[in-house]
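This report describes the fold of one protein chain, from its overall composition to selected residues. Please consult the sequence and the structure shown below while reading.

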Amino acid sequence: MGIVTLQLVCDTCKKVILEKEGEEHLMNEQFPITGEEAQKLDKEHRGHECHIEAVEKTS
């Protein structure tokens with residue numbers, strides 16, 4: 001079994017813009033971001049359509 005990773009995907013840019021490892025985020029239905037990450041997202045992806053995906057990465 002691999003590591004559960006949550007990915008914030010920008011549908012407009014068609015790329016993963018943030019990743020957070022940890023099943024606890026999935027279980028708590030949270031995608032925590034720092035203030036710095038929030039500012040960067042606001043600057044670079046404001047108005048874009050984005051979604052969160054849970055993926056399992058195997059080593």
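## Pairing criterion and model

Two strands are taken to pair if DSSP finds at least two bridges between them. In this sense Val 9 has Val 16, a residue of S2, as its bridge partner. The model discussed here is predicted.

## Overall composition

The protein contains 2 helices and 3 strands. Read from the N terminus, these elements follow the order β-β-α-α-β. The C-alpha trace extends over about 35 × 25 × 20 Å along its principal axes.

Of the 59 residues in the protein, 29% are buried. The accessible surface amounts to about 4500 Å², and carbon and sulfur atoms contribute 48% of this surface. Among contacts with a separation of 6 or more, 57% are made by residues 24 or more positions apart.

The 3 strands form an open sheet in the order S2-S1-S3, with antiparallel pairing.

Strand S1 comprises residues 3-10 and is mostly covered, as 7 of its 8 residues are buried. S1 is joined to strand S3 (residues 50-57) by 8 bridges, and the two strands run antiparallel. Within S3, Lys 57 is the residue that stands opposite Ile 3. A further 6 bridges connect S1 to strand S2 (residues 15-21), again in an antiparallel arrangement.

## Hairpin and positive phi angles

S1 and S2 form a hairpin, with 4 residues between the two strands. Lys 14 is located in the loop between S1 and S2. The phi angle of Lys 14 is near 60 degrees, a positive value in a residue other than glycine. Why does Lys 14 count as exposed? Exposed means a relative accessible area over 50%, and Lys 14 is assigned to this class because its relative accessible area is 72%.

Glu 29 also has a positive phi, near 50 degrees, and is likewise a residue other than glycine. The position of Glu 29 is in the loop between H1 and H2. With a relative accessible area of 75%, Glu 29 is exposed.

## His 25 in helix H1

Helix H1 spans residues 23-27 and includes His 25. Is His 25 buried or exposed? The relative accessible area of His 25 is 16%, so this residue is classed as buried, the cut-off being under 20%.

Which residues are in contact with His 25, once its neighbours within four places in sequence are left aside? The contacts are Leu 6, Lys 20, Gln 30 and Pro 32.

## Ile 52 in strand S3

Ile 52 belongs to strand S3, which pairs with S1 through 8 bridges. The relative accessibility of Ile 52 is 48%, and the residue therefore counts as partly exposed.

Leaving aside neighbours within four places in sequence, Ile 52 is in contact with Leu 6, Gln 7, Leu 8 and Phe 31. Leu 6 is also one of the residues in contact with His 25. Ile 52 and Met 27 are separated by 25 residues in sequence, and their C-alpha atoms are 14 Å apart in space.

How values were computed: Residues are numbered from 1 along each chain as its sequence is written. This is a predicted model: local features need pLDDT of at least 70, side-chain atom pairs count only at pLDDT 80 or more; totals for chains, interfaces and linings use all residues. Side-chain values use heavy atoms; hydrogens and water are left out. Buried means under 20% relative accessible area, exposed over 50%, partly exposed in between (1.4 Å probe, protein chains only). Contact means heavy atoms within 4.5 Å. Accessible areas come from the Shrake-Rupley method with a 1.4 Å probe; for residues, only the protein chains shown count as cover.
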